[in-house]
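User: I am new to this structure and would like to know what the labels rest on. Please take me through a few of them.

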Amino acid sequence: MRTPSIYSQDDPLTEALKPPESETEIERRLRLELEAEAKRVSEQIDEDLRLEREDMRRKRGDVKLLLLGQAESGKSTLQKQFQLMYKPSSLDQERASWRTVIYFNVVRSIKHILNTLESWDDFIDDTADSPTSYIGGSSGTSSPVLMNSTLEANGADSRSASPFQGNAAASRSTIASLRRRLSPLVSTDGALADRLSGGVTVSGSGKGGVFVRTGWQARTIENALGRKRPRPSEDMELKKSEEIHDALVQDISRMLEVCKDDVRELWANPTVKALIARRRLKLDEWSEFFLRHITRVAAADYVPSTDDILHARIQTMGVAEHIFDVNIHGKTVAWHLFDVGGARGQRHTWVPYFDDANAIIFVAPVSAFDQVNFANLPVEEDPRTNRIDDSLQLFTQICSSPLLKNVHLVLFLNKTDLLRSKLDNGLKVQKYITSFGNRSNDYETVVQYFRAHFLQVHRRNNENRRVLYTHFTSVVDTKATQRIIGNVRDSIFRGYLQSAALV
Ligand SMILES: Nc1nc2c(ncn2[C@@H]2O[C@H](COP(=O)(O)OP(=O)(O)OP(=O)(O)O)[C@@H](O)[C@H]2O)c(=O)[nH]1
Ligand SMILES: [Mg+2]
């Protein structure tokens, strides 16, 4: 297992900077000392710059809003909704660059499907219970907050759809030929990940994540528009690499156009459908979204729609700051919105931003009741914690943090659309969270049950008698989300004006 870290062992820079094998002990010690000092100086510069920016922000009386929550909860998607509302031109500017992310999402989805098929030897029949090389393994988990949540990592859903009845040899031969035809496309995976991370860090997420530093949009926009980045000196190597990158996206676009029917065929393949129905193949929401829209996405002149951008998935690394001018009652105030990386390995980067925050929107995905934490986590970080439990534990930490005792607290119980469709498809909450008991498995009961747990955490960790504002959201739904953002903006402003003693 690899730790999601900017100092990943996969970092090509680390590889390039490896010391020579002939290095003596004295040289080694000297090098380590110099490296430690350089790191200390660099971190000090970053910290000074951050404090300087904070100081300026405070003097101007700007609003500081943090988006917090576990990975994949929808923070960056919510940030895009803010951008759409308060700086739509910037989203338009970025539009072309999202194509790279969406291609990456498509390629990763295909790769994930093909790998899962391979682990099942490209065939599933009525009696099959476990694939030849399936690593999962079913287990329960201790659940410190919800108590008694259970996980089904390997068990079939009780509603199992009728499994594929066809001939094994025919299935294998069809999939083998699809695999062959799709292999050039799938092999662009590494290059795309490298492109999005600026050639710096691609940390392994078995599920298809790529970590990016802030500013990837700028990199991809420049490439997509054929613009060159201003740089102190003409660097031929860099120039060459930018040309390669442009060619990469065009190549993928051509490949996708050529093999879009193969992608469609794979998506409609009965073995794939049977694996999905039996929950042996689990696809993320974005995978399904882009595979469903593959004809449009694979068109040569494809430009991502706003809806596509909202569904695109790229993992945030560190903390990204976005600034919007928000106008209310004739007064314009700059809002600094901080979108953080939610993976456990990223959470230590949040704390320096707590200081002086005006408000927090905590995003918790209520659809995640049947999911565990992330495959790319080290075992010691307990990758089998139920995601709702992880959210509740994180919310406990946020509510009880002394640094945040005066913030305006907003809770988004998100992904309600996915929750609804899971329940409509017959998924039983009790199967994953035993404390849910015999309650009715309908949407209203389930969301209220989860809400009650979050309210309880808040009540138990609320020394300053803060109000908790709760919203049920689906942040990919623009109309509904913008209405909620308006609502949140008004309530944050009221608190802000009171604390600034302006009213
Ligand atoms: N259907 C649906 N999809 C959502 C919703 N919210 C987010 N998503 C999708 O979930 C995926 C993850 O969302 P992100 O906004 O990237 O998650 P994040 O919290 O920023 O994750 P990290 O950056 O890893 O911390 C994206 O593909 C989104 O489109 C929702 O309410 N409904
Ligand atoms: Mg994010």
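This is a predicted model: local features need pLDDT of at least 70, side-chain atom pairs count only at pLDDT 80 or more; totals for chains, interfaces and linings use all residues.

User: What makes α15 mostly covered?
Analyst: A residue is buried if 20 or more other C-beta atoms lie within 10 Å of its own. In α15, 10 of the 14 residues are buried, so the helix is described as mostly covered. Among them are Arg387, Ile388, Leu392, Phe395 and Cys399.

User: Which elements do the buried residues of α15 pack against?
Analyst: They pack against the strands β1 (63-68) and β6 (359-365), and against helix α18 (443-460).

User: Why is Thr316 called buried?
Analyst: Thr316 has 22 C-beta neighbours inside 10 Å. The cut-off is 20 or more, so Thr316 counts as buried. Thr316 lies in strand β3, which spans residues 315-316. UniProt lists Thr316 under "binding site", in an unreviewed entry.

User: Which residues is Thr316 in contact with, leaving aside its neighbours within four places in sequence?
Analyst: Thr316 is in contact with Ser76, Asp339, Val340 and Gly341.

User: What is the secondary structure of the protein chain, and what percentage of its residues is buried?
Analyst: The chain has 19 helices and 8 strands. Of its 503 residues, 37% are buried.

Notes. Residues are numbered from 1 along each chain as its sequence is written. Chains are lettered from A and ligands numbered from 1 in the order in which they are written. Helices (H or I, at least four residues) and strands (E, at least two) are DSSP runs, numbered from the N terminus. A residue is buried if 20 or more other C-beta atoms lie within 10 Å of its own, exposed if 12 or fewer, and partly exposed in between; C-beta atoms are placed from the backbone. UniProt positions are given in the numbering used here, feature names are shortened, and annotations may be inferred rather than shown by experiment. Two residues are in contact if their C-beta atoms, placed from the backbone, lie within 7 Å.
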